[in-house]
Amino acid sequence: MSAAFLGMPPFPRAAEEAVHNTTLRANLRHATHTIRAKRAKAVAELSDWEQLREAGRQIKDHTLRHLDRYLIQLEAAVTEAGGTVHWAADATEANRIVADLVKATGETEVVKVKSMATQEIGLNEALAAEGITAYETDLAELIVQLGDDRPSHILVPAIHRNRAEIRSLFADEMGKWGRAAPHGLTDSPADLAEAARLHLREKFLRARVGISGANFMVAETGTLVVVESEGNGRMCLTLPRTLISVVGIEKTVPTWRDLEVFLQTLPRSSTAERMNPYTSLWTGTTDDDGPRDFHLILLDNGRTDVLADEVGRQALRCIRCSACLNVCPVYERAGGHAYGSVYPGPIGAILTPQLRGTGSAIDASLPYASTLCGACYEVCPVAIDIPDVLLHLRGRIAEQGGPGHRVERAALAASGWVLRHPTVLAATEKLAAATRGMHPRRPPGSGAWTTSRELPDVPTQSFRDWWQENRR
Amino acid sequence: MRVALFVTCLNDALFPATGVATVKLLERLGVSVDFPAAQTCCGQPHFNTGYRGAAEKLVQHTARAFAGYDHVVTPSGSCAAMVREQYPRWGETSLASRTHELTEFLVDVLKVTDVGAYFPYTVTYHPSCHGLRTLRLGSRPHRLLQAVKGLELRELPGAEECCGFGGTFAVKNAAVSTAMGQDKIRSALATRAEVLCAADNSCLMHLDGLIRRQDEPLRPLHIAEILGSTEEDPYRPEEPIS
């Protein structure tokens, strides 16, 4: 994965900063609660939601189990349809391939459809280093780009910004990237949308190269699918001469028929829409229509390692709907940036440490960025058991015994021993009860608890002793 | 019917009143309860923090402690969820199938909703994540509370949201945990209830710590203590309740 996020502080520290930012918290709370309620309503409209969820899970699991076969079928179909397939093992290789393809066209500007895969590999930064400017055309991505910011949400990258902040970004920054925002810009949604429309239209009409990701790739026909709300994707996919799509290998589905499931579950889970406004499908190249050249870069970047993990591999079922983010109480308070990855929230907490490994402080802290409340699993349209994968990854991290875990392991092993010896436990409880008058209000080691909370009082008698006295 | 009380380590050491109330409640309903003294901790803290080896030993210890009982009742949704959901990983399916959270045991096994309790206060109920999503307790606690004489139940806004305890999460991610707990308390205060009730003392310990630090007019109380309270032997708080 991109090195851009490495060196991030571990989750608890980054989250603490976010928790104290009251504007950010208010923005996040408002946005997540609104989408949450809408999603619940959209899902409740379908009487067969549980069957769709199960179908989605099965299609994804089947495809992942036979991914080698389906990828080869996909490559053959894309090639047959006039496209060119490239295989990229990691971010560096993928960025190299894209930069070379753009350079071959002689262009120095590209327009982009919102894509998680290109963010994951840090494509914009890599292209900039080669003298190529990438323009984001999704409204929220544009806001993030103009603010020299990072996305904070999978689906709503600018979820952490409010209208007033967006207005001043447009007024101050748009001119530096192209057409400036109109004078007297207000923060009304219509005004902001119009400013973005005028700014972006110039880019669509000038661009000769488009770069996209894809929500799905159909192995049987070599067809790629992008679902979106704004129509900017459709413009980027059809107007340029050259189209380059960078897609994670796990986005493959075997047949067109499989889209039937996901085109119902994805929009309802993500934007709470029955159907997303734009669904664009493209297969290779077509004479006199759309791009003349089409390149598909199949991105691994850690995915085959994830596939090798029996418990963790279910994370690759993810269709990037972000329903888990919108219901997550931790995400709601911490915001997306604290996760130190383009994949925030519950799915990020299981996907990122698997893609990047658990070596860094941020990655080793992510599986603990959850109370295991289970709200994410409940809403996931492909039934990824996120709490179970979190537990699995915690086991791996505890085993590694990274920073802080050696002491913890010793403490938990000791408590485990006491807890297997009821007489020792009873003696410990007796001692605690006998000395209760001497307990300091904030005993050493209780710091993280007592910063904001009182410790419970030790009772005069344990239950065990009460039972001994009253019932035996 | 041989019924064992699994009081849980947290209740044993810090919240014995919950255990006492559970015993009195079950006895009042004609159940003869046993307390196997070998019991300690279900292993959840170890398992949830990633220490599977330590957890496994406690799982086996717990399974041995409760061997031979028809039903194991526990006033902790979270520990019941650990036994029911995770013990089968280690092949302990028998204990898993015999373990019930208290409100489940009352409604499903004893088939009572009116337990003859008396508690003349306004109460709001926090369902706790394990009770809500793992055990799927549903309306059981509400039905039990609604049947309590004198009790007025008020709906908790955003009830299904986690309170932020999450075991070691409360310490490892103290800032987020605190923010979540404070939001939960704000919701509870908005109901103007005198008592914040739950079926898990772990959630309540976290919320109580915040409530006492912030000096809010709200009393956290385990559902067993409400259901255990009767006109003859009413719940007696150390301080006045309101």
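Glu231(B) and Lys149(B) pair up through their side chains in a salt bridge, with N and O 3.0 Å apart; the term stands for a side-chain nitrogen of Lys or Arg within 4 Å of a carboxyl oxygen of Asp or Glu. This pair ties together distant parts of the chain, 82 residues apart: Glu231(B) sits in the segment after α13 (223–228) of chain B, and Lys149(B) in the loop between α9 (140–146) and β6 (152–154) of chain B. Helices (H or I, at least four residues) and strands (E, at least two) are DSSP runs, numbered from the N terminus. Glu231(B) is partly exposed at 44% relative accessibility, and Lys149(B) is partly exposed too, at 48%. Here buried means under 20% relative accessible area, exposed means over 50%, and partly exposed is in between (1.4 Å probe, protein chains only).

The model is a predicted one, in which local features need pLDDT of at least 70, side-chain atom pairs count only at pLDDT 80 or more, and totals for chains, interfaces and linings use all residues. Residues are numbered from 1 along each chain as its sequence is written, chains are lettered from A and ligands numbered from 1 in the order in which they are written, and side-chain values use heavy atoms, with hydrogens and water left out.

Over all chains, the whole structure holds 47 salt bridges. Another of them is in chain A, where Arg274(A) and Glu45(A) bring their closest N and O atoms to 2.7 Å. This one also links distant parts of its chain, 229 residues apart, with Arg274(A) in the loop between α12 (256–270) and β9 (278–283) of chain A and Glu45(A) in the loop between α2 and α3 (49–65) of chain A. Arg274(A) is exposed, at 57% relative accessible area, while Glu45(A) counts as partly exposed at 41%.

Now for the place where the two chains meet. Contact, taken as heavy atoms within 4.5 Å, involves 62 residues of chain B and 59 residues of chain A. Together the chains bury about 5200 Å², 59% of it on carbon and sulfur atoms; buried area is the accessible area (1.4 Å probe) that two parts lose on being put together, summed over both. On the chain B side, Asp12(B), Tyr51(B) and Arg213(B) lose the most area to chain A, together 14% of what that side buries.

Charged and polar pairs also bridge the two chains. There are 10 salt bridges between chain B and chain A, including one in which the side chains of Glu378(A) and Arg136(B) meet at 3.5 Å, N to O. The interface also has 26 residue pairs in polar contact, both residues at pLDDT 80 or more. A polar contact is a pair of N or O atoms within 3.5 Å; within protein, one must be able to donate a hydrogen and the other to accept it, and residues adjacent in sequence count only if both atoms are side-chain atoms. Helix α11 (residues 174–190) of chain B gives the most to the side of chain B that touches chain A, with eight residues.

The 17 residues of α11(B) should span 24 Å at 1.5 Å a residue, and the end C-alpha atoms are 24 Å apart, which agrees; the expected span is 1.5 Å times one less than the number of residues. α11(B) is mostly covered, with 12 of its 17 residues buried, among them Ala174(B), Met180(B), Lys184(B) and Ile185(B). After α11(B) comes Arg192(B), whose phi is positive, near 60 degrees.

Asp183(B) is buried as well, with a relative accessible area of 11%. Its side chain meets that of Arg25(A) in a salt bridge (3.4 Å, N to O). Asp183(B) lies in helix α11 of chain B and Arg25(A) in helix α2 (residues 22–44) of chain A, so the pair joins two chains. Both belong to a network of salt bridges that also links Arg29(A), Arg36(A), Glu332(A), Arg333(A), Glu161(B) and Arg186(B).

Elsewhere in chain B, Asn11(B) is found in helix α1 (residues 9–14) and counts as buried at 1% relative accessibility. The Asn11(B) side chain reaches the backbone oxygen of Val7(B) at 2.9 Å. Not counting residues up to four places away in sequence, Asn11(B) touches Phe463(A) along with Pro16(B), Thr18(B), Pro75(B) and Asn201(B).
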